[in-house]
Amino acid sequence: MRKLCDSRWCYFCDREPHSTIFFVFPRVNYRDHFIAGGPSGSSGCANPSGWMQEENFLQFLKHFHSVAKSTLDKPVLLLPDNHGSHLSIDGLNFAKANEIIMLSFPPRCSHRLQPLDRAVFGPFKRYYNTAADAWMLNNPGKTMTIYDIPGIVSTAYPLAMTPSNIQSGFRCTGIFPFNRDIFTDEDFAPGYVLDRPQPEINNEGQPGPSNTGCSEPTTNGTKSSTSNENRETSMTELTDPKPSTSNGNRSPQNIL
């Protein structure tokens with residue numbers, strides 16, 4: 001199933017809590033009845049792919065501004081990820097002209113820094129699944145369509161989008177109250193699968209075979225010659241095997 005909506009929510013720490021939701025429908029043209037039964041104040045748009053595009057994000061910014069009512073005296077901070085649809089010239093110009101300060105997260109860090117990911121989306125998914133199950137029980141034999149989704153969202157949305165969850169998301173990411181030390185270096189360390197032994201450099205400055213632990217390096221940085229001598233001895237035995245002295249394993253030459 002294609003993605004139905006790319007929802008955006010906003011919250012103001014220094015004012016009364018406000019939230020809004022924005023749907024992106026996989027359709028060519030948007031109609032107001034698409035969000036019938038949806039959360040109060042929600043809006044939407046249409047895109048054939050069902051994913052947020054640059055022109056859709058500009059529509060969202062206009063909807064966001066109508067709810068946030070940002071001014072020169074009271075600017076609003078918007079925290080998007082680094083998706084390309086958020087970086088259009090038209091969108092950035094609109095945000096700048098309407099005192100919307102956009103601060104994007106570094107790539108592959110939203111699982112740690114995005115307040116919605118940390119404290120809201122998890123409860124929202126659970127409440128949404130419960131509401132969807134209830135819808136199917138109350139509508140036996142009926143197929144759920146994308147036009148039924150806003151009504152289901154309106155049931156799960158107020159249960160997940162609570163001031164407590166929102167404030168917890170901003171707190172655990174260190175955004176508000178601001179805490180630059182909330183994460184350690186280990187939180188953003190690469191996975192063990194990326195660990196590799198350091199390449200060795202020979203006397204000529206060329207990378208040599210990596211040290212796999214089979215031989216011990218000497219104090220001058222070169223490998224012990226024991227491994228190479230054993231390797232040469234093994235190759236010699238393979239190319240010129242010695243005749244066996246046992247009676248049960250005599251070579252063909254000795255038999256003849």
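Accessible areas come from the Shrake-Rupley method with a 1.4 Å probe, and on that basis the chain exposes about 17,300 Å², of which carbon and sulfur atoms supply 53%. The model is a predicted one. Of the 256 residues of the chain, 30% count as buried.

**Fold and contacts**

- The chain holds 9 helices and 4 strands, and these follow one another along the sequence in the pattern β-β-α-β-α-β-α-α-α-α-α-α-α.
- Among the contacts in the chain with a separation of 6 or more, 53% are accounted for by residues 24 or more positions apart.

**Nonpolar cores**

- The largest nonpolar core comprises 27 residues, and within this core Tyr-128 and Val-153 are the residues with the most contacts.
- At least two residues of this core are supplied by each of β1 (22-25), α5 (121-138), α6 (149-160) and α7 (163-172), with α6 giving the largest share, 6 residues.
- When residues up to four places away in sequence are not counted, Tyr-128 touches Ile-149, Ile-152, Val-153 and Ala-156.
- Another core, of 15 residues, lies apart from the largest one, and its members include Met-52, Phe-60, Phe-94 and Ala-95.

**Strand β3 and Val-76**

- Val-76 is placed in strand β3, which covers residues 76-78.
- Val-76 has a relative accessible area of 3% and is therefore buried, the cut-off for that class being under 20%.
- Val-76 and His-65 are 11 residues apart along the chain, and their C-alpha atoms are separated by 9.0 Å.

Notes: Residues are numbered from 1 along each chain as its sequence is written. This is a predicted model: local features need pLDDT of at least 70, side-chain atom pairs count only at pLDDT 80 or more; totals for chains, interfaces and linings use all residues. Side-chain values use heavy atoms; hydrogens and water are left out. Buried means under 20% relative accessible area, exposed over 50%, partly exposed in between (1.4 Å probe, protein chains only). Contact means heavy atoms within 4.5 Å. A nonpolar core is a set of buried Ala, Val, Leu, Ile, Met, Phe, Trp, Tyr and Cys residues joined through side-chain atoms within 4.5 Å.
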